[in-house]
Amino acid sequence: MKKILISIIDVYQAFMSSILKNILGVNKMCRLSPTCSEYAKIAINKEGILRGLRKSAIRILSCQPFTN
Amino acid sequence: MGDFFNLILVHPIINILVAIYSMLSFAHIPYALGFAIIGLTIIIRFVMYPLTTSQLKASAKMQKVTPHLSKIKEKYKGDAKKIQEETMRLYKEHGINPAAGCLPVLIQMPIIWALYSVLQRMVTLKPDVVVAEVNKIAYFDFYKLQNTWDPSFFGLPLGEMPSKLMSTAGPLILLVPILTGVFQFILSKMMIPAKTGVAVIEKDIEKKTQIDKKDAGDFASAFQTQSLFIFPVMIGFFAFSFPIGLSLYWNTFTIFGIIQQYKITGLGGLGEWIKKK
């Protein structure tokens with residue numbers, strides 16, 4: 001299960017991410033480092049699926065105008 | 001979920017499309033459906049204009065600070081908290097708007113998708129069901145359709161795919177996907193910043209990270225580095241197998257993007273090529 005999730009993220013990173021960037025016309029869109037997808041991979045690996053996913057979701061949601 | 005999406009995005013967009021169409025056909029403008037698609041795309045692009053602009057500006061600034069970022073990363077290796085702090089300070093110094101984030105990106109995606117699904121649905125309607133289907137969705141009587149529409153645009157059938165027209169229209173129809181790919185390529189090329197000292201350093205960094213990623217498979221890494229070329233080809237292929245009405249949408253979308261990109265960040269990577277000539 002863990003492996004499946006992580007390989008889904010791998011596919012996203014390899015293909016979807018550059019397709020999205022091309023459609024929207026941005027080269028660099030991440031303010032956080034590592035990128036959210038990379039972070040999600042690490043988190044899922046380290047903390048398991050549920051906690052990892054929750055932490056990743058919080059992180060994606062924190063990338064917006066109302067937080068610093 | 002689908003119903004909700006229809007309610008808040010798809011149906012309103014269909015209404016705008018039909019309203020524009022009715023206005024144009026009331027004024028006896030020929031090829032009203034095609035021009036309505038162009039008009040609709042331009043309106044949506046104007047609505048998203050501030051979002052796209054802030055995102056383009058932030059992206060250009062991010063590009064500038066990348067070398068500093070990697071310096072920070074090296075300096076405080078292992079201390080994630082410190083890296084985060086220093087990064088935030090760097091952003092503040094360079095006036096990177098925290099309002100950029102990825103939220104503008106996330107907002108635009110469903111809109112682009114909705115526009116796609118609206119047009120896919122509208123241009124492929126059979127002539128005898130157009131009136132009934134459209135009027136079911138129209139909110140107001142005054143722009144409801146009286147007759148079915150003419151689904152052609154300067155002789156091109158908006159509901160047909162170039163792949164199917166090959167046998168009747170001949171290879172000339174290939175111009176549709178080719179042009180779509182070319183416009184996409186121009187935009188993608190403009191997105192890459194002109195080569196400066198900064199860009200060169202960044203390329204080195206990218207090379208380093210690519211070596212780390214080698215195990216991700218050769219095709220995947222090729223896709224990332226060559227997306228400038230692969231993506232336009234992919235879009236061209238889509239244009240080949242999707243109804244022409246969608247290519248009309250996508251080309252309007254891209255040309256608007258080219259103009260916006262030019263106004264905000266200039267020619268970018270395209271500049272080198274134009275100067276050479």
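The model is predicted: local features need pLDDT of at least 70, side-chain atom pairs count only at pLDDT 80 or more, and totals for chains, interfaces and linings use all residues. Residues are numbered from 1 along each chain as its sequence is written, and chains are lettered from A, with ligands numbered from 1, in the order in which they are written.

**Domains.** Chain B has two domains, with bounds from an automatic or database domain assignment:

| Domain of chain B | Residues |
|---|---|
| Domain 1 | 1-70 + 96-152 |
| Domain 2 | 160-277 |

Between them, 22 residues of domain 1 of chain B are in contact with 17 residues of domain 2 of chain B; contact requires C-beta atoms, placed from the backbone, within 7 Å. On the domain 1 side, α2(B) gives the most, with 16 residues. Helices here are DSSP runs (H or I, at least four residues), numbered from the N terminus.

**Cores.** A nonpolar core is a set of buried Ala, Val, Leu, Ile, Met, Phe, Trp, Tyr and Cys residues joined through C-beta atoms within 7 Å. A residue is buried if 20 or more other C-beta atoms lie within 10 Å of its own, exposed if 12 or fewer, and partly exposed in between. The largest core has 38 residues. Both domains of chain B give residues to this core, so it lies between them. Another core, apart from it, has five residues, including Leu187(B) and Leu270(B).

**A loop residue.** Tyr76(B) lies in the loop between α2 and α3 (80-93) of chain B. Tyr76(B) counts as partly exposed because it has 16 C-beta neighbours inside 10 Å.

Definitions and conventions:
Two residues are in contact if their C-beta atoms, placed from the backbone, lie within 7 Å. Helices (H or I, at least four residues) and strands (E, at least two) are DSSP runs, numbered from the N terminus.
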